[in-house]
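Open the model in your viewer and keep the selection tool at hand. The stops below say what to select next and what is there.

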Amino acid sequence: MALRTLNLSAIEINRGNAINDEMNTLGTSAADNKRYDELKAEKNAFFTNAAGYLEAFIENNPGTNSLDILNQLKNVYGALGETEKYKATKAKLEALEAGGN
């Protein structure tokens, strides 16, 4: 189940990243701005789903302090503008990297 959860988070992140690539090709016309807003909402939905999967993995595997998983979650929070969650996850990562808990 844990591997499935991580795979689902990766799928959602990849979908969000693909949308982000399309967003980067848009210009500044009114139609492009409208499309940008639509794509941003879709991207955020994928990233929110990914964060949910990663959070569930961490919650269901409390002894796991995987730097990769926490770093991925931190990046997702950053992409979503979830500043407080980003900072908390970053602090946890820094503590783990320094050898603390």
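Start with helix 3 and pick out I69, L70, L73, K74, V76 and Y77, which are buried. These residues sit on the same side of helix 3, because they cover an arc of only 160° around the axis. Keep in mind that this is a predicted model.

Now show the surroundings of that side. The buried residues of helix 3 pack against helix 1 (2-23), helix 2 and helix 4. For the helix as a whole, select its first and last C-alpha: helix 3 has 14 residues and reaches 20 Å between those two atoms, close to the 20 Å expected at 1.5 Å a residue. Just after helix 3, select G81, which takes a positive phi of about 75°.

Next, move on to helix 4. Its 15 residues reach 21 Å from the first C-alpha to the last, close to the 21 Å expected at 1.5 Å a residue. Which residues of helix 4 are buried? Select T89, L93 and L96 to see them. Look down the axis of helix 4: its buried residues fall within an arc of 65°, so they line one face of the helix. Helix 3 is among what covers them.

While in helix 4, select A95 as well. Is A95 buried or partly exposed? A95 has a relative accessible area of 28%; buried means under 20% and exposed over 50%, so A95 counts as partly exposed. Beyond the end of helix 4 comes G99, with a positive phi near 95°.

The next stop is the largest nonpolar core, which has 14 residues. Select I13, L54, I58, L73 and V76, the members that touch the most other members. Helix 2 (30-60), helix 3 (67-80) and helix 4 (83-97) are the elements that each give two or more residues to this core. The largest share, 6 residues, comes from helix 2. Then centre the view on I13 and show its contacts: leaving out residues up to four places away in sequence, I13 touches F47, A50, L54, Q72 and V76.

Finish in helix 2 with K43. This lysine is buried yet has no salt bridge.

Conventions: Residues numbered from 1 in each chain as written. Predicted model: local features only at pLDDT ≥ 70, side-chain atom pairs only at ≥ 80, totals over all residues. Heavy atoms only, no water. Core = buried A, V, L, I, M, F, W, Y, C linked by side-chain atoms within 4.5 Å. Buried < 20%, exposed > 50% of the residue type's maximum accessible area, 1.4 Å probe, protein only. Helix = DSSP H or I, 4+ residues; strand = E, 2+ residues; numbered from the N terminus. Contact = heavy atoms within 4.5 Å. Expected span 1.5 Å × (residues − 1). Arc of directions from axis to C-beta. Lys, Arg positive; Asp, Glu negative; His and termini not counted. Salt bridge = Lys/Arg side-chain N within 4 Å of Asp/Glu carboxyl O.
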